[in-house]
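Take a look at the model below.

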Amino acid sequence: VVGLSVSCLSEEIGHKNLFNLFSLYGELAKIDMDREKRTALVTYKDSKQHQKVASLLADVSLFGAKPHYTLVKSDGSTTDAASGMDTLLNASENMLADNAPSCLLEFTNVPKNVSTATLKGLLDNFEVVKSAQRITESTVRCLFETVDAAVAAVCRFGNKPVCGKSLKVNFVSVADGKLADKRNVKAKAYSMQNLSEEMRERLPLQERKVWENACSSSRFLAL
């Protein structure tokens with residue numbers, strides 16, 4: 001597989017929006033977009049990422065439209081990405097946990113002089129943010145009303161310049177009793193334990209149960 005063809009895109013979405021989302025899942029070689037046809041060809045340097053990313057984003061709408069994903073092979077033939085999805089989901093749980101779309105986003109590199117309320121207000125101009133909480137001096141977590149709203153925020157605000165700094169954003173997800181972002185697991189485990197009661201109550205029931213189980217896990221307390 002040499003590429004991932006994305007069709008049925010929203011008329012609102014642009015090249016930068018696609019870059020902000022797809023760059024979360026690996027090093028991109030390029031994204032070729034045809035706005036008139038509402039299609040894009042996404043190419044990763046690691047060819048294994050194409051099917052994995054299609055699986056992650058299969059049920060997600062981008063700016064109100066649900067894209068269709070097709071795998072492009074070296075000989076020019078194509079395969080519906082959904083055809084190999086079940087096998088992949090069973091075989092790649094760890095990868096699927098990394099930045100799996102969720103309604104909770106973590107913004108990092110937030111300037112000190114940008115308050116939580118200011119960031120929330122900026123996001124609220126486009127999507128409904130149910131709550132926001134500052135985790136560290138430069139980190140803010142925002143809980144969105146829906147997963148699709150959070151995905152749209154990634155598309156719009158990834159790498160967005162704010163007061164001289166470029167915002168970084170990632171999904172926060174929990175799988176198999178561990179946090180998805182292994183690069184900073186200690187800090188994230190701590191922040192999970194210290195998530196405000198208000199934000200815990202607003203999480204979807206299933207996600208809240210996983211969250212609470214993870215927080216009470218001895219492996220987190222031992223970090």
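**From hairpin to core**

A hairpin joins strand 7 to strand 8 through 2 residues. This is a predicted model. Strand 7 covers residues 129-136 and pairs with strand 8 in the antiparallel sense, over 6 bridges. Ser 131 has Leu 143 of strand 8 as its bridge partner.

Strand 8 also pairs with strand 6. The sense is again antiparallel, here over 4 bridges. Leu 105 has Cys 142 of strand 8 as its bridge partner.

Now the core. The largest nonpolar core has 46 residues. Phe 22, Leu 62, Phe 107 and Phe 144 touch the most other members. Helix 6, residues 147-157, supplies the largest share of this core, with 8 residues. Phe 107 touches several residues beyond its sequence neighbours, among them Val 140, Cys 142, Phe 144, Leu 119 and Phe 157.

Finally, follow the chain to Val 114. It is found in the loop between strand 6 (104-108) and helix 5 (116-124). Is Val 114 buried or exposed? Val 114 counts as buried because its relative accessibility is 6%, and the cut-off is under 20%. Beyond four places in sequence, Val 114 is in contact with Leu 119, Arg 134, Val 162 and Cys 163. Ser 138 is 24 residues away along the chain, and its C-alpha atom is separated from that of Val 114 by 9.2 Å.

Technical notes: Residues numbered from 1 in each chain as written. Predicted model: local features only at pLDDT ≥ 70, side-chain atom pairs only at ≥ 80, totals over all residues. Heavy atoms only, no water. Buried < 20%, exposed > 50% of the residue type's maximum accessible area, 1.4 Å probe, protein only. Contact = heavy atoms within 4.5 Å. Core = buried A, V, L, I, M, F, W, Y, C linked by side-chain atoms within 4.5 Å. Pairing = 2+ DSSP bridges.
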